[in-house]
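Subject: Structure handover

Hello,

Here is the structure for you to look over. My notes on it follow below.

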Amino acid sequence: MDCTLLHEEEPPRNPAMKRLFIAVELPEAVRGRLRELRRELPDIRMASPDNAHLTLRFLGVLPEQDVPAIKAALRGVRAAPFSLRLRGLGLFSRSRQSVLWAGLAPCPALPDLKRHIDEALLRGAGLAPDTGRFAPHVTLSRLKAGVPPSLRAAVTRHAATVFGEFSVAAFILFSSALTPGGALHTVEEACALHAQPPCPART
């Protein structure tokens, strides 16, 4: 399991720093299914489906001056659009908390995209790749008081539930900040997927 995908919402202490991550946004239809699940589990404090996303890489808290190089590197990623299916629920257990997540049906294009992103960041921004195993998922809730039996039953009940299928035509560099109303995610750069490099301009 790649623990970088289970990052805590920890704000940067220096205003010249930014907390950055790269993710795929979920379409509204999938978020609607997650809202239904939220209503099904009223005793569980779940993250707002409006913020739901699939993290490809958590970059951490970095100097703001590094952001232009990161953006430029990500704009150079070349990968074809593909489709994903959000399927099943599961739990990650950690020392201080458990994480409720929605999984994804296997899709080779997803780890390929992650690899292209890692290579671009190393080449263009000097950021070393993740060392952990890529375990793609959508985080739904973090539980610090243990996992109630009702939630374990729901995980079993929805082990194979499909919450939606959607096309991935872009990935996004986000910055994140904590507010009294929860985490605020700001789009720093949206990168469309293209199978081939752009054609050179004709002179």
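Four strands form an open sheet in the order 5-4-3-6, and their pairing is antiparallel. Strands here are DSSP runs of E of at least two residues, helices are runs of H or I of at least four, and both are numbered from the N terminus; two strands pair if DSSP finds at least two bridges between them. At the edges lie strand 5 (138–143) and strand 6 (162–168), each pairing on one side only. From one strand to the next, the twist averages 30°.

The model is predicted: local features need pLDDT of at least 70, side-chain atom pairs count only at pLDDT 80 or more, and totals for chains, interfaces and linings use all residues. Residues are numbered from 1 along each chain as its sequence is written, and side-chain values use heavy atoms, with hydrogens and water left out.

Within the sheet, strand 3 (residues 82–93) and strand 4 (residues 98–104) run antiparallel and are joined by 6 bridges. Ser-93 has Ser-98 in strand 4 as its bridge partner.

Helix 1 (residues 28–40) lies across strand 3, strand 5 and strand 6, and runs at about 160° to strand 6. Such angles run from 0 to 180 degrees between N-to-C directions, with axes fitted to C-alpha atoms, for helices over the stretch in contact (heavy atoms within 4.5 Å).

As for the whole chain, there are 4 helices and 8 strands, in the sequence pattern β-α-β-α-β-β-α-β-α-β-β-β. Of its 203 residues, 44% count as buried (under 20% relative accessible area, 1.4 Å probe, protein chains only).

Regards

Conventions
Buried < 20%, exposed > 50% of the residue type's maximum accessible area, 1.4 Å probe, protein only.
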